[in-house]
Amino acid sequence: MQRNLGALLRGLAGNPSAPPEALVRLAAADIDRTELARRRDLPVQAAVVLADDEDARVRSELAANPNLPAEVQIVLARDVDARVRGRLAEGGEYFTSVGLHAHHLPGPLSHEVYELLARDPQPKVRRALAFNRRLPAGVRARMLDDDDARTAAIAAAEWNPAPTARIGELLSRTTGAFSRELLLHCLDGPLPIEAARGLLADIDSSADPANSAGLLRQIAATVDLDADLTGRFLTDPQLRAAVAANPTLGPGHVAALAHDPDNQVRAAVVARRGLDPVLRESVSVEYDDRSSGNTVAWLLTEDLSEPDQLAFARSRHQAFRKTLAMRTDLSDEAVGILAADESFAVRLFVCERQPNAPGRLLAHIASGWKGYSRWDMLAHKNFPADAATALARSDDPRDRVVAAAHPGLAIETIEALLADGTDYVRRRAATNPSIPTDRLITLLDADESAVVSGAAANRTLPVVTMHQVLDQARL
């Protein structure tokens with residue numbers, strides 16, 4: 001074990017079965033501790049040690065950990081590096097892979113930490129804090145008066161429900177197109193015409209109006225349209241799709257735009273909430289079958305009965321079928337319809353989001369899809385073992401690496417992967433939970449560090465063996 005001790009310790013730092021006392025010992029190891037800092041089960045003692053690490057990368061990864069104790073949060077909130085304070089402040093969503101895509105919000109920081117970060121001398125730290133969805137209302141309210149206009153705009157944009165009484169004032173304070181776009185997303189109704197005219201006057205007088213293209217589209221999509229503004233926006237090819245989505249657009253214009261020669265305009269009409277279903281189904285729209293976009297935001301939160309689900313699952317419009325496939329409250333019948341959809345994008349979303357995705361569909365999509373969600377598909381409870389075996393025998397190392405840790409692989413297949421010509425395939429194979437314990441322990445003495453670190457990260461490694469490694473490292 002001695003010759004690859006560093007690889008052993010790095011592997012143990014990522015082992016999901018490593019007990020708390022082992023993680024505390026690893027916090028003092030002379031290895032790259034960034035992976036250790038990311039662990040959601042990091043003990044308080046280990047977090048305290050890492051918060052004092054001389055490497056800002058380690059402290060930054062620790063600051064992004066959603067499960068930090070209050071005593072560590074306050075240390076990081078006073079860190080000398082603004083990047084560390086910013087990572088702590090943002091409270092960003094974090095990704096978990098459990099056979100199904102999932103994003104989670106971290107728990108709240110302590111109130112003392114929120115107060116401290118809200119007074120941070122660096123605007124970029126306060127801006128990061130303004131994006132934090134857990135920010136207490138009292139702190140957020142004070143941030144609406146921040147000296148930095150962008151910080152104030154972000155604080156308002158991320159408040160749910162938005163402080164609509166302050167939007168007009170905040171729009172007048174900020175001059176950046178990005179901040180103004182954020183604020184327009186906060187409106188609980190149409191943008192008043194006079195406010196829109198003021199924004200348009202600023203854009204028209206700007207030396208570089210091209211920077212305001214996004215803001216113009218947002219105005220066209222949200223303003224309480226009158227005849228003059230409708231005419232202005234409809235004559236601009238770049239704004240027709242935005243005005244087609246505007247809920248205040250008159251029915252005559254909506255009907256006319258349903259036959260617009262521009263595909264994006266027709267797509268915007270189709271996606272309008274409350275559109276007559278007969279008109280919607282009569283409109284022809286072409287969709288990019290490989291795009292993750294073209295979804296309908298309101299459909300994600302709409303209260304749908306089972307007949308509604310089935311109607312959208314059978315819609316001629318891929319945008320509705322794709323969006324529906326993202327919901328996790330679908331009936332088995334709706335999932336079955338979407339799983340057989342003609343669109344690759346719809347079937348992909350079924351595999352990425354549905355806990356009851358059919359195994360054969362998972363296998364079919366994973367066989368040709370090279371995106372990051374492929375790892376989730378292999379971990380899905382319905383993924384067939386024979387399909388994993390087929391991928392493990394592929395000529396493409398990208399296939400072999402995602403299949404290498406599947407628990408349904410035969411030991412002969414695992415051994416072949418342990419001798420693979422690609423080091424990251426060998427490392428992944430060494431993490432396979434189906435490796436017998438006696439064989440796994442022998443891998444800790446392998447000549448190659450990739451195999452050693454993979455074996456040390458294997459969740460079936462006995463705890464007594466972990467402590468023997470730590471004893472050998474004198475930790």
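Helix H19 (263–270) gives the lining of the second largest pocket its largest share, six residues. Here a pocket is an open set of points on a 1 Å grid over the protein atoms alone, where a 1.4 Å probe fits and protein lies on both sides within 12 Å along at least five of seven lines; a lining residue has an atom within 4 Å of a point. The model is a predicted one, so local features need pLDDT of at least 70 and side-chain atom pairs count only at pLDDT 80 or more, while totals for chains, interfaces and linings use all residues. Residues are numbered from 1 along each chain as its sequence is written, and side-chain values use heavy atoms, with hydrogens and water left out.

Back to the pocket itself. Its volume comes out at about 940 Å³, counted as the space filled by probe spheres set on the grid points, which are joined across faces, edges and corners. The second largest pocket is lined by 30 residues, and Ala241, Ala245, Ala268, Ala271 and Thr295 lie nearest its centre. Besides H19, the elements giving two or more residues to this lining are H15, helix H17 (240–244), helix H21 (297–301) and helix H23 (318–326). By type, the lining splits into 17 nonpolar, six polar and seven charged residues; Ala, Val, Leu, Ile, Met, Phe, Trp, Tyr, Cys and Pro count as nonpolar, Asp, Glu, Lys and Arg as charged, and the others, Gly among them, as polar.

Stepping back to the whole chain, there are 34 helices and two strands. The C-alpha atoms fill a box of roughly 80 × 55 × 40 Å along the principal axes. Of the 475 residues, 52% count as buried, where buried means under 20% relative accessible area, exposed over 50%, and partly exposed in between (1.4 Å probe, protein chains only). Residues 24 or more positions apart make up 51% of the contacts (heavy atoms within 4.5 Å) that have a separation of 6 or more.

The largest nonpolar core holds 150 residues, and Leu62, Ile219 and Phe233 touch the most other members. Such a core is a set of buried Ala, Val, Leu, Ile, Met, Phe, Trp, Tyr and Cys residues joined through side-chain atoms within 4.5 Å. In soluble globular proteins, nonpolar side chains tend to be buried together. Leaving out neighbours within four places in sequence, Phe233 is in contact with Leu200, Ile219, Ala220, Val223, Leu225, Leu239, Arg240 and Val243.

Helix H13 (residues 177–184) is largely enclosed by the rest of the structure, because six of its eight residues are buried: Ala177, Ser179, Arg180, Leu182, Leu183 and Leu184. Their cover includes H11, helix H12 (164–173), helix H14 (193–204) and helix H15 (213–222). In helix H6 (residues 70–77), the buried residues are Val72, Gln73, Ile74, Leu76 and Ala77, and these pack against helix H4 (44–50), helix H5 (56–63), H7 and H8.

Loops get a look-in too. Ala404, in the loop between helix H29 (397–403) and helix H30 (411–418), is buried at a relative accessible area of 0%. Not counting residues up to four places away in sequence, Ala404 touches Leu409, Leu417, Val425, Arg428, Ala429 and Asn432.

As for charged pairs, the structure holds 33 salt bridges (a side-chain nitrogen of Lys or Arg within 4 Å of a carboxyl oxygen of Asp or Glu). In one of them, Asp120 pairs with Arg85, with the closest N and O atoms 2.6 Å apart. Asp120 sits in the loop between helix H8 (111–118) and helix H9 (123–130) and Arg85 in helix H7 (residues 82–90), so the pair ties together parts that are 35 residues apart in sequence. Both partners are buried, Asp120 at 5% relative accessibility and Arg85 at 8%. Another salt bridge joins Arg142 to Glu115 (2.6 Å, N to O).

Conventions. Helix = DSSP H or I, 4+ residues; strand = E, 2+ residues; numbered from the N terminus.
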